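Here are my notes for a colleague who is coming to this structure for the first time. They are set out as numbered points, to be read alongside the model.

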Amino acid sequence: MITNKKKEIFKTYGTSVYDTGSSKVQVALFTYRINHLSSHLKNNKKDFNTERALVKLVGKRKKLLKYIEKRDINSYKKIIKHLGLRK
């Protein structure tokens, strides 16, 4: 079952609500999860398993962004600006 937040992300960044596999949608999902884990770690500083999961997610997102940048630079710039990743 897909939560409402995920459906909203799929609709915003994908072609439809069921577009779960495109790289843009994956980057948006990773960003949402990274923000959630970051807020969790602010309250739980000694949760090292979550910290490790956060580092792995950041690495996955970085690889996907590099892939998008190689394939379509305009799409890369658009998603970076919309998600507010690089300042």
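In what order do the elements of the chain run from the N terminus on?

1. The model is a predicted one, and its elements, taken from the N terminus on, run α-α-α-α. The chain holds four helices and zero strands, and its C-alpha trace spans about 40 × 30 × 20 Å along the principal axes.

2. Two figures describe the chain as a whole. Of its 87 residues, 29% are buried, and among the contacts in the chain with a separation of 6 or more, 41% are accounted for by residues 24 or more positions apart.

3. Two packed helices are described by the angle between their axes and the distance between the axes. The axes of α1 and α2 come within 9 Å and cross at roughly 140°, and the two helices are therefore oblique to each other. The crossing in which α1 passes α2 is right-handed.

4. Which residues meet where α1 and α2 come together? From α1 there are Lys5, Lys6, Ile9, Phe10 and Tyr13, and these meet Lys24, Val25, Ala28, Leu29 and Tyr32 in α2. Sorted by class, the contact of α1 with α2 has seven nonpolar residues, three charged ones and no polar ones.

5. The second pair is made up of α2, residues 23–43, and α4, residues 73–83, which pack at an angle of about 25° with their axes 11 Å apart. Because angles under 35 degrees count as roughly parallel, α2 is described as roughly parallel to α4. The crossing of α2 and α4 is right-handed. On the α2 side the contact is made by Lys24, Val27, Ala28 and Thr31, and on the α4 side by Ser75, Ile79 and Leu83; the residues of this contact divide into four nonpolar, two polar and one charged.

6. The burial pattern of α1 deserves a separate look. Its buried residues are Ile9, Phe10 and Tyr13, and they lie on the same side of α1 because they cover an arc of only 100° around the axis. On the other side of α1, Asn4 and Lys11 are exposed, whereas the buried residues of α1 pack against α2 and α4.

7. Which residues of α4 are buried? They are Ser75, Tyr76, Ile79 and Ile80, and since they cover an arc of only 130° around the axis, they fall on the same side of α4. These buried residues pack against α1 (4–13), α2 and α3 (48–71). The other side of α4 carries the exposed residues Asn74, Lys77, Lys78, Lys81 and His82.

8. A last point concerns the stretch just after α4, where glycine 84 takes a positive phi of about 70°.

Methods:
Residues numbered from 1 in each chain as written. Predicted model: local features only at pLDDT ≥ 70, side-chain atom pairs only at ≥ 80, totals over all residues. Heavy atoms only, no water. Axes fitted to C-alpha atoms, helices over the stretch in contact; angles between N-to-C directions. Parallel < 35°, antiparallel > 145°, perpendicular 65-115°, else oblique. Left-handed = near helix turned anticlockwise from the far one by under 90°. Contact = heavy atoms within 4.5 Å. Nonpolar A, V, L, I, M, F, W, Y, C, P; charged D, E, K, R; others polar. Buried < 20%, exposed > 50% of the residue type's maximum accessible area, 1.4 Å probe, protein only. Arc of directions from axis to C-beta.
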